[in-house]
Amino acid sequence: MKKVNVEKNAAEFIYQDDIHVTEHDKNLWNARQKRDTAAAQIPEWEELRNLASAIKEHTLTHLDQYLEQFVTNAEKRGIKVHFANDAAEHNAIAYEILSSHRVKNIIKSKSMLQEECGMTPFLEEKGIGVLETDLGERIQQLSEQIPSHIVMPAIHQTKEDIAKLFAEKIGTDPNNTDPASLNTAMRNNARPKFLLADAGMTGGNFAIAETGTFVVCTNEGNADLTASLPPLHIASIGIEKILPKAEDLGVFIRILSRSALGTPATQYTSHFTGPREGAEMHIILTDNGRSKRLAMDEFWKSLKCIRCGACMNTCPVYRRSSGLAYGATYSGPIGIIIDPTFDAKKYSELPFHSSLCGSCSEVCPVHINIAEQIMDWRKVMMKNKEVDFSRRMAFKAVGVMLGHPKLFRAVEKVAYNAINILPEAITENKTLDPWAAHRKLPDVKKETFREWYIKNRKNNEQ
Amino acid sequence: MKVALFVPCYIDLIYPEVAIATLELLEKYNIEVIVPLNQTCCGQPTANEGDQENSAKIEKAFAENFQDLDVDYIVGPAGSCVKQIRQHFDAIPQTEKVTAMRAKTIELVQFFTDVLKITDFSNISFPHTIAIHNSCSSIRGLHITSRSEWMEPRYNKTEELLNSIKDITIKHIDRPDECCGFGGTFCVTDEAVSAKMGQDKVSDYVRNGIEYVVSPDMSCLMHQKGVSDKEKTNLKFLHVAQILNNGPF
Ligand code: SF4
């Protein structure tokens, strides 16, 4: 697989015009600020985060036992549970269920797992029509792009982009950029099609071992339509979504939407506890690399993720890159630490696309040490020699130089001379020096502190 | 009290006045300061790249300079380098000496607020409008301020010191703890994003009518000043020690 060149993709997003990056940054920073306001209103906020983190760590370290309990209880309620080891198995199982019911068209609500498995293209290839019911996902489907954010899939597009897209695809007025009327237009276009679907597919935010229930959180109510209109409901659920007890759910419902969008809860929190009469309900419990990740000392805690997107909203690098730059299902800080577990070569540059500011770790509602894991992935990539040869050599030179005081002094002098002798036209040539394209070079002083010190504090010399 | 002065490589070379200000400031408060003259760097540039092999060489040199000194603290006027030593610095064996050396390394502002407990600098006047830039390492690594992501009591140690300065106006910009995009090697390997972050930071200062940006971390300021000068703003950048010591500027 070809390496994703995230730096180059991000540069393209920034330089396309002044509008996209500015809007993108502003909208996501807004979400972060709303999150702060919402969190500040809950006196026990930090306690909730600690609890959520502890519940997840407990569950993940007893996962086998809770999975078994969940399956037993779900089956008791008449849900058919399937196990998928990887994406291919997941898709094959989904197709088998659908084809045995002679399904021609499905509607689906947002599921990052189905995204991760590449399910939609797979089913379409097999001749099954797939319609996204979530507005953002539908925009991305019509744009033929993957989602750029795990909560706001089309956040990298402006109102103008969407008006243009809808004009082209569903015949709206390209000059009408009013979000409410665009939303209504899509609703009027899509909803009649919902009625024609033979099956509905959803994800699942939480699966409760004690009751065999799974819970889906949305803001548009589209998961409820997806699950209730057709006679067949299939939910794809990652094995890390398990919670031991129903009472645990309260902790997560309180932090999820506050972290994501700064709202007290998602508009819809739907509990599915078995098929309604005359209908069928299936769950595809999917591993797809999760148990492998669970065995990785430095990285298993990434499985605590509840996919709130707060780390993306707060990330100053993500806000200026857009999710598409990461070329992966998951983008932003959480993407950086889990994408390499799917393909360490393809995503080897991602861990370097970070200023290591650390805000992601601090904002995460389940206390995932994201920034630390980014550093750990860098170490892995360096060791695996996944980093460009020239880059590795450059750091080797730095290591040699800074490890040898005498050499360092010599190089200081050279740096001084180079910076002062070369004309700006050369030092500020972007191909020669990436620093200088948008920044002036610092002045280098004739006298270093060390030299000053020797001159002025000689007696003290060590 | 006896301390060793840790002068990060880029301060030695590009901002000697910051090291001079730090040294003079400490001496003013009757602290005995020794300066190991063979010091180079904390190893952050290579460690941030995940390059443990080369970090080990730099860390070894650092330890040779500092671990045997008979001092109470190792004081550094640079949050991110101090964070590197305190929280990372794991490429060499963690002997007793190395861990002790790491534990007594402290950033300058916190040395004043937490160790010396000196926060009154009202003998100094600085009649200007400033914004404080606490670096990401200082905030999220060293907790020099409360973290905006946490619902915790609000404080800002740098501001505590600067607040006492006469005639100073401290303004809070729109996104005070947003990363400026320096990020060490990130600023050259991810040039477009880094520059954009820097430009946004500079606009925030300009929008808020700031004259001086003051920070306990010159590395961020090197990048911010680079952007600011390129954009021809009138912003000026100083290390907090330069204000507390009233120069050299
Ligand atoms: S890593 Fe944390 S902040 Fe990021 S999406 Fe997952 S739960 Fe949310």
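The questions below ask how the terms used for this predicted model follow from its values.

This is a predicted model, in which local features need pLDDT of at least 70 and side-chain atom pairs count only at pLDDT 80 or more, while totals for chains, interfaces and linings use all residues. Residues are numbered from 1 along each chain as its sequence is written, chains are lettered from A and ligands numbered from 1 in the order in which they are written, and side-chain values use heavy atoms, with hydrogens and water left out.

Q: Why are α22(A) and α2(B) called oblique to each other?
A: The axes of α22 (residues 449-456) of chain A and α2 (residues 16-28) of chain B cross at roughly 45° and come within 9 Å. Axes are lines fitted to C-alpha atoms, for helices over the stretch in contact, and angles run from 0 to 180 degrees between N-to-C directions. Angles under 35 degrees count as roughly parallel, over 145 as roughly antiparallel, 65 to 115 as roughly perpendicular and the rest as oblique. The pair α22(A) and α2(B) is therefore oblique.

Q: What makes the contact of α22(A) with α2(B)?
A: Contact means heavy atoms within 4.5 Å. Phe449(A), Trp452(A) and Tyr453(A) of α22(A) meet Pro16(B), Ala19(B), Ile20(B), Leu23(B) and Glu24(B) of α2(B).

Q: Why is Val3(B) called buried?
A: Buried means under 20% relative accessible area, exposed over 50%, and partly exposed in between (1.4 Å probe, protein chains only). Val3(B) has a relative accessible area of 0% and is therefore buried. Val3(B) sits in strand β1 (residues 2-5) of chain B; helices (H or I, at least four residues) and strands (E, at least two) are DSSP runs, numbered from the N terminus. Leaving out residues up to four places away in sequence, Val3(B) touches partners including Leu26(B), Val33(B), Val71(B) and Phe111(B).

Q: How do you know whether Ser322(A) and Asn30(B) are buried or exposed?
A: Ser322(A), at 4% relative accessible area, is buried, whereas Asn30(B), at 68% relative accessibility, counts as exposed. Ser322(A) lies in the loop between α15 (316-319) and α16 (332-342) of chain A, and Asn30(B) in the loop between α2 and β2 (32-34) of chain B. Phi of Ser322(A) is near 75°, and that of Asn30(B) is about 60°; each value is positive in a residue that is not glycine.

Q: What makes a set of residues a nonpolar core?
A: Such a core is a set of buried Ala, Val, Leu, Ile, Met, Phe, Trp, Tyr and Cys residues joined through side-chain atoms within 4.5 Å. The largest has 82 residues, and those with the most contacts inside it include Phe449(A), Leu26(B) and Leu162(B). Its largest share, seven residues, comes from α2(B). A second, separate core of 71 residues includes Leu243(A), Cys311(A), Ile337(A) and Met375(A).

Q: Which residues come nearest to the ligand?
A: Of the 14 residues around the ligand, Cys305(A), Cys308(A), Gly309(A), Cys311(A) and Cys364(A) come nearest. A residue is near a molecule or strand if one of its heavy atoms lies within 4 Å of it. The shell divides into twelve nonpolar, one polar and one charged.

Notes:
Nonpolar A, V, L, I, M, F, W, Y, C, P; charged D, E, K, R; others polar.
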